Amino acid sequence: MRTWALILTGLFVHIILFYSIFDIYFTSPLVHGMTPHVSNQSPPAKRLVLFVADGLRADKFFEFDSDGKSRAPYLRTVIEKTGAWGVSHTRVPTESRPGHVAMIAGFYEDVSAVAKGWKENPVEFDSVFNESRRTWSWGSPDILPMFAKGASGDHVLTDQYPSELEDFADSDSSKLDTWVFDRVRTLFNKASSDKTLTKQLHQDKIVFFFHLLGIDTNGHSHKPQSSEYTENIRLVDKGIKEMTELIEMYYNKDGKTAYLMTADHGMTNWGSHGAGHPHETLTPLVAWGAGVRQPKTRQELLEQDLYSKEWNLDHLMRSDVEQADIAPLMACLIGIPYPVNSVGTLPLDYLDVDDQQKSRSLFANAKQILSQFQIKMEQRKQTTLSMTFRPYSELTPALQTKMIRSINKLNQEGKFIAAIKESKKLIQLALQGLSYYQTYDRFFLGVSIASSFVGWVMYILVLVVKEHTDVVKVRVKLVTLHQPVLLRKEVIIGGYSTVGALVIILLSVQSLPWTYYLYCLLPVALWMVVTLNWHVLLDCYTRLKEASPKGFLVNFFLTLVMFVLGLEILVAGFFYRHLLSVGLVCMGMLPLLSSSHHTDWVIYVRWMMSCLILAIFPMMPVVGRDTNYYLVGIAGILAVSTGVLAIQRLKNSTSSHHSYSTNHIQIVLTALSVYVVQFTAYSIQRKQGLPLVSQIFSWLILGISMVIPIFSGTGVLHRLLTITLAYLPLYILLSISHEGLFVLTLCYLLYFWLHLEGTSGQHTGQAEQLHSVDFVSSLPIEGKQQRHLELQDFRRAFYFIFLMLTGFFGTGNIASINSFEPASVYCFMTVFSPFTMGTLMMLKNIIPLVLVTCTFRAIHITTHVPIRALFLLVLAMSDIMALNFFFLVRDYGSWLEIGTSISHYVIVMCMIIFLMLLFGLSHWLTTFSLVSRKSHRN
């Protein structure tokens, strides 16, 4: 198979393997066709007011300030005198979209939907707003439209500020909340002269939604410990008080308004969210007004409640809820149907109604969830062969009927407490049944994907052995005629084709999605190709069996064991970053222990020192928790100094007349980037916003960095220097702490790695002098026989993977989902734009990978190892790691564990797919040049 065909095949296979995780673990939970169930026939409230303080942590809201006073005095009074309170437990990913969907629609959006957009609906769903008679909403353009567009009709009204106001560098982000409060005052003032509006405002079953984004924006910009964050909490508390008084005054204190205040997610101490840390998943919930119980004194603690004690609220009963439980609570208070897709359980502890109402409302809740279970069961039944269908045994149709009759009878007899207990049991069984049918196909899909992974790795190893070793024997036609019948090509193809046809028939009969065909046919195709090459595996076995001398066999198996252990250490490094430091120390020591040549100790010592220095960074705090522009400045100065010295050394070590003017421009750009970072940080710190000149220079440097490498020669050392100096200014612009020093140290290590491999290659006669090597003229000639692989080449491939992961995780930039740190892109933009900001963040993380890949390509050129063979080895090792993470993916346990398992699999699969693109990119970066061929050589 030609290289381009192999890369396209690899991309196709890995895209299927990557996407499979969403069909196996994270398919949409939504079903359609259910009949709505009215929550409460005699609702206590006519209207509901929902305040959502985006990004508000529970502890920052409930705890006292250093002066012993509450940050939210009005809501504190509500908690202690007129309402109910608790903690709302959110789920991963702790982002605004899924958080609002959980609160307002009552279900937890699948992870794949989050990637489909903040402002559009990736899936159609019902919500409290949709079921209401009319909803007025004010706030962010990133949240409001998705509920308006999801509504059946035009009764969900939105009033949103322009996205330009969401500026992380703004001196006062709390003005976003002030804007909302001002617009609400305008609405009620308008009602005095607008009869239509007055009539609408006096209807029942209406909702007022306040989306308050200031706290989240200040948290990202200044961190939750800042005065800006806590002052914004005070402003929101004051605004809620004023809005409550305004609404009560407008309705003449009719006692028919229910109020809820909560948050979509919290925030870490370093100003991020997305993962499952308690600071992100614990949010406040305060309810008061019509239908909400009064505070209850807690007589004794059934269990240790450290949170309430810290917040000085241990004397009051705390009623915690899951975030999806808020939707049925809101529906019950105003008597609208529960959202048909809701999986929330009505929290009875918040209601101030009699037991009869509680029982009937909870029973309606149970029937609403049960209807989803019944639809889901029917869907599974229709897509499964009747003889193989396995119904959920805990909730059969007969048992459903029995439980519904029992609850109805208990309600009729006035045994409401018993009916409530039975309804809760029915809800629990229905939710478990939903989960059962949601994961119904998981086992057989998991087996298919796992066998695809193993088949792909086997295929790669077969290619390596077949094309890049001397293990495979040449078989003449006479030998192939005498091979067993079952191992003949036509028999193998026929057998696997039969299996494939059976798979297609079984899947089509069950009307399963088209992606299932890919998941099930992929292992058939891969294993067919592997089986067709059975003689390669036989020759490998024969060679190992006849291996002579015995030392080779021992060395081979020791190397194999070391690689397996090394890959497992890399897998563990995803969970424990400090293991990367252990690996770097071992890499630094290995050449000194294994080398039999003692003529290049200077290079060995430099390699060892660079490994030891780089090993410090994985043990340092994750970048993003604090900013330190002093370290960014030091990194920039070192980069300029190193660049000047490198240019001078390159000039002195070669007799060429090559021009280094491009490199001198790059040095100026590096120095300019340091100035831009410092100037921007100073301006934002003084709350003067992003200077226009900084923004212009930043985008200019970005544009120049993308194209400047093609204006240099293709000599190995000179082109690598140009590529490094091209991306260092860009990386510095995106740095906020010690990551600039990290990437600079990585560059030193890559330089010494190149020299180290060149030195070892020269000792074995496989390498040339680095100063005489050219990326273009040293490329292997098409069709010319290249050398076979050696054990040293396996080590080189492993070093490449290790350094790729070190570049990725060395500063912990995206070790988990909640890595987004807006400060990293402040030189380019401060107005919230998730996709542009995300692209810049990804570019920052890709830069170290590009540098590692280009160096790896230089090693391939200098040591004459076939790049195709190295690529295959890297691919096989990466896939073995990916298979580990596939088995580690989970959708149970703590939300931190679930989020971590998802992100690790996604990261390693993206890395594999990106590796293929990186090899192509590195080829272009190192070989394409606009400089005349005369100047290419150093």
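**View 1. Val707 and the nonpolar surface patch.** In this predicted model, Val707 lies in helix H28, and Val707 is also one of the residues of a nonpolar patch on the surface. The other members of this patch are Met706, Phe711, Leu921, Trp924, Phe928 and Leu930, and together with Val707 they expose about 600 Å² of accessible area. Two helices, H28 (692-707) and H34 (895-927), each contribute at least two residues to the nonpolar patch.

**View 2. The contact of helix H8 with helix H11.** Helix H8, which spans residues 175-191, packs with H11 at an angle of about 10°, and the axes of the two helices are 10 Å apart. Angles under 35 degrees count as roughly parallel, and H8 is therefore roughly parallel to H11. From H8, the contact draws on Asp177, Thr178, Phe181, Val184, Arg185, Phe188 and Ala191, while H11 supplies Asn232, Leu235, Val236, Gly239, Ile240, Glu242, Met243, Leu246, Ile247 and Tyr250. Sorted by class, the residues of this contact comprise 11 nonpolar, three polar and three charged.

**View 3. The contact of helix H10 with helix H11.** The axes of helix H10 (residues 214-222) and helix H11 (residues 227-250) come within 9 Å of each other and cross at roughly 175°. Because angles over 145 degrees count as roughly antiparallel, H10 and H11 are described as roughly antiparallel to each other. On the H10 side the contact is formed by Gly214, Ile215, Asn218, Gly219 and His222, and on the H11 side by Glu228, Tyr229, Asn232, Ile233 and Val236. The classes represented in the contact of H10 with H11 are four nonpolar, five polar and one charged residues. Asn232 and Val236 of H11 take part here, and both residues are also listed in the contact of H11 with H8.

View 4. Cys540 belongs to helix H22, which covers residues 534-545. When residues up to four places away in sequence are not counted, Cys540 touches Val465 and Val471. Cys540 and Val472 are 68 residues apart along the chain, yet a separation of 7.4 Å is computed between their C-alpha atoms.

Notes: Residues are numbered from 1 along each chain as its sequence is written. This is a predicted model: local features need pLDDT of at least 70, side-chain atom pairs count only at pLDDT 80 or more; totals for chains, interfaces and linings use all residues. Side-chain values use heavy atoms; hydrogens and water are left out. Axes are lines fitted to C-alpha atoms, for helices over the stretch in contact, and angles run from 0 to 180 degrees between N-to-C directions. Helices (H or I, at least four residues) and strands (E, at least two) are DSSP runs, numbered from the N terminus. Angles under 35 degrees count as roughly parallel, over 145 as roughly antiparallel, 65 to 115 as roughly perpendicular and the rest as oblique. Contact means heavy atoms within 4.5 Å. Ala, Val, Leu, Ile, Met, Phe, Trp, Tyr, Cys and Pro count as nonpolar, Asp, Glu, Lys and Arg as charged, and the others, Gly among them, as polar. Patches are made of residues with over 30% relative accessible area and no salt bridge: like charges are joined within 9 Å, nonpolar side chains (Val, Leu, Ile, Met, Phe, Trp, Tyr) within 5 Å. Accessible areas come from the Shrake-Rupley method with a 1.4 Å probe; for residues, only the protein chains shown count as cover. A salt bridge is a side-chain nitrogen of Lys or Arg within 4 Å of a carboxyl oxygen of Asp or Glu.
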